[in-house]
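Let's take a walk through a protein model together. Keep the sequence and the 3D view open side by side, and look up each residue as we get to it.

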Amino acid sequence: MHSRQALPALTVSAIGVVFGDIGTSPLYAMKEIFNGHHPIPVTPENIFGILSLIFWSIMVLVSIKYVAVIMRADNKGEGGSLALLALVTERAKNAGMTWVITLLGIFAAALFYGDSMITPAISVLSAVEGLEIVTPALKPYVLPITLTVLTALFFIQKRGTGTVGLLFGPIMIVWFAILGVLGGIEVARNPGVLAALNPMYAINFVGAHTGLAFLALGSVVLAVTGGEALYTDMGHFGPFPIRLAWFGFVMPTLVLNYFGQGALLLNEPGAITSPFFHLGPDWALVPLVILATVATVIASQAVISGAFSVARQAIQMGFLPRMLIVHTSGKAKGQIYVPFTNWTLYLAVIALVIGFKNSSNLAAAYGIAVTGTMLIDTILVAFVMLLMWRWHWATVAVVAGSLLMVDLAFFSANALKIPEGGWFPIAMGLVSFTVLTTWRLGRRLVGDEMAKQSIPMDAFLDSIFDVHRVNGTAVFMTSSKEGVPAALLHNLKHNQVLHERVVLVTVQTTDTPYVNELDRMYLHKMRKGFVRLIIRYGFMEDPDIPRALERCKRFGESFDLMETTFYLSRETIVPKLSRNILPLRARLFALMTKNATSATEFFKIPPDRVVELGTQLVI
């Protein structure tokens with residue numbers, strides 16, 4: 001629980017990080033609805049219907065679904081698809097639904113990567129396109145400026161965003177304030193537009209123009225993209241600051257801006273070329289473009305940071321191989337940099353900007369990943385309602401069923417955009433899904449193969465009565481908490497000696513984000529100087545083996561690193577025809593294993609105290 005003194009700072013920070021994506025949607029949402037690939041005629045009836053649809057979409061999908069319902073399903077304070085997956089998995093074992101739930105959670109995480117590629121591209125591009133409103137002569141410079149801004153954004157990631165992050169909140173407060181002021185001025189000129197708050201306008205629009213309304217939903221969803229970030233970023237700020245910021249400031253300014261754009265279109269239908277930038281006076285156009293660009297950079301930064309966080313969760317939960325994770329702040333443990341993720345996103349974002357060329361084309365690719373993620377979140381939270389909250393099945397059917405119908409409507413409307421660009425996030429999602437599931441399956445097969453080659457601990461201890469023992473401690477890292485590690489058997493076979501103390505260390509990742517220090521370690525002393533140590537970490541924590549060994553003093557065991565040798569097993573995967581895994585996936589797994597960050601670096605083991613022993617495994 002956050003203190004009252006910290007609440008203002010947390011709320012300001014949340015405005016800067018959590019709401020960047022949804023906060024920059026006014027740049028392109030209305031423009032795309034009325035002037036995109038499936039344009040809606042700019043008539044008063046349609047404007048009122050669309051405004052009502054936007055308002056109630058925001059209310060149902062963001063305010064009710066995420067803020068009121070899903071944010072209650074936190075995993076020890078953490079949110080996001082993988083945190084939700086970890087929360088549900090244990091409870092689903094008894095219900096026999098683990099496999100279905102796991103696949104849904106993995107696919108939601110995979111879709112997030114597709115979304116995180118499109119968000120920086122469409123946000124920054126739509127802001128820089130404001131230069132075309134200043135003068136059409138600047139149109140040739142839109143793409144180069146966009147590419148320059150995005151390149152700079154990805155290149156500064158390795159330096160950390162802590163210092164810049166302090167400015168995010170105040171800048172986004174200014175941004176949302178201007179959204180509200182610009183929209184409010186136009187609404188004051190035509191207050192009748194507020195009648196669109198009545199849901200009957202949306203209902204009548206859908207009833208009178210069903211086909212048109214269905215097409216419109218594919219663009220209306222642009223107004224709620226980023227709503228899922230409220231849940232994903234919950235662990236950084238806590239639910240209350242996010243709810244306070246949303247209801248007290250962000251949502252009112254967003255609604256005012258959309259209604260202001262609607263009021264403008266009622267008076268000037270020609271402003272549809274860029275209703276957001278036409279809201280401001282001519283003298284403010286250039287400053288507005290600059291501020292919009294800064295706001296979209298901040299929104300992109302939040303998505304990139306989210307991708308780093310999801311990558312770390314995926315590594316810890318066994319969905320990705322070990323990767324280099326750099327901590328860019330000594331104070332804030334959430335500030336990390338994952339080079340592989342950063343440069344993969346950068347190449348994809350640049351390819352999107354060059355390939356799609358303008359924000360309207362990118363809008364066709366946007367939405368499918370977001371609506372897919374929202375759909376899966378609803379299904380997962382339905383399991384939470386049943387298995388954890390113990391709601392009656394009828395209540396779950398009404399609440400989750402209603403939300404699911406809305407999600408399906410938006411997802412179906414966006415599915416029409418697959419040929420126009422929606423294929424890209426789906427393709428990226430499928431690639432990510434294949435990678436995540438291949439690694440998980442490969443590690444399970446490796447574990448099975450290692451178990452076959454292992455021998456029981458008791459039988460091994462009975463057989464080493466005449467082995468020569470040398471001074472010092474040997475630490476053998478092993479993924480299994482049973483049997484004898486392959487590295488130990490290889491060492492004994494080749495060197496014919498054992499250390500006087502042998503510690504078998506297994507690192508386990510729990511289904512919670514953090515582990516209490518009292519529950520972190522389990523130590524079992526066996527015969528003949530053998531010790532088994534199990535170290536548990538949450539999926540938001542980074543393993544640190546030397547630090548864990550220091551804390552073994554409470555068990556009566558102390559370690560001098562200068563007298564300790566760490567033995568690691570480096571597996572070489574040999575793919576073969578198998579019923580358990582397809583040949584292509586086996587080769588992909590072998591490639592991922594080969595390129596994984598070394599265990600020495602990942603577990604923070606001193607490199608001069610490590611001995612690696614090779615093991616060849618056929619899967």
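Before the first stop, here is a rule you'll need: a charge sits over a ring if NZ of Lys or CZ of Arg is within 6 Å of the ring centre and within 35 degrees of the ring normal. Keep in mind, too, that what you're looking at is a predicted model.

Now put that rule to work. Find R501 and F559: R501 lies over the face of F559, and the distance to the ring centre is 4.2 Å. Then look for R72, which lies over the face of W389 at 4.5 Å from the ring centre.

Rings can also pair with other rings. To describe such a pair, you give the distance of the centres and the angle of the planes. How many aromatic pairs does the structure hold? The count is 21. Take F19 and W246, whose rings are stacked, with 6.0 Å from centre to centre and 15° between the planes. F19 sits in the loop between α1 (7–17) and α2 (20–23), while W246 belongs to helix α14 (residues 239–267), so this pair ties together parts that are 227 residues apart in sequence. Are these two buried or exposed? F19 has a relative accessible area of 0%, so it is buried. W246 is buried as well, because its relative accessible area is 0%.

Next, on to charges. A search of the whole structure turns up 14 salt bridges. In one of them, K65 partners with D407, and the closest N and O atoms are 2.8 Å apart. K65 is in helix α4 (residues 44–69) and D407 is in helix α20 (residues 393–415), so the bridge ties together parts that lie 342 residues apart in sequence.

E557 has a relative accessible area of 10%, so it is buried, whereas K525 counts as partly exposed because its relative accessibility is 48%.

D544 and R547 form a salt bridge as well, with 3.9 Å between the closest N and O atoms. Here D544 counts as buried because its relative accessibility is 16%, while R547, at 46%, counts as partly exposed. Salt bridges can also join up: E517, R520, E541 and R551 are linked in a network of them.

Time to move to the surface. V134, V286, I290 and V294 form a nonpolar patch there, and together they have about 290 Å² of accessible area. Which element gives the largest share of the patch? Helix α16 (residues 285–316) does, with three residues. I290 is found in helix α16, and it counts as exposed because its relative accessibility is 52%.

L215 is in helix α11 (residues 210–220). With a relative accessibility of 28%, L215 counts as partly exposed. Leaving aside neighbours within four places in sequence, L215 is in contact with H38 and L416. Another residue to check is K417: it is 202 residues from L215 along the chain, yet their C-alpha atoms are separated by 9.4 Å.

I350, in turn, has its place in helix α17 (residues 339–356). Its relative accessible area is 15%, so I350 is buried. Setting aside neighbours within four places in sequence, I350 touches L147, L150 and T151. How far is I350 from A599, which is 249 residues away along the chain? Their C-alpha atoms are separated by 32 Å.

Notes
Residues numbered from 1 in each chain as written. Predicted model: local features only at pLDDT ≥ 70, side-chain atom pairs only at ≥ 80, totals over all residues. Heavy atoms only, no water. Helix = DSSP H or I, 4+ residues; strand = E, 2+ residues; numbered from the N terminus. Buried < 20%, exposed > 50% of the residue type's maximum accessible area, 1.4 Å probe, protein only. Contact = heavy atoms within 4.5 Å. Phe/Tyr/Trp six-rings, centres within 6.5 Å; stacked < 30°, edge-to-face > 60°. Patch = residues over 30% accessible without salt bridge, like charges linked within 9 Å, V, L, I, M, F, W, Y side chains within 5 Å. Areas by Shrake-Rupley, 256 points an atom, 1.4 Å probe, with all protein chains shown as cover. Salt bridge = Lys/Arg side-chain N within 4 Å of Asp/Glu carboxyl O.
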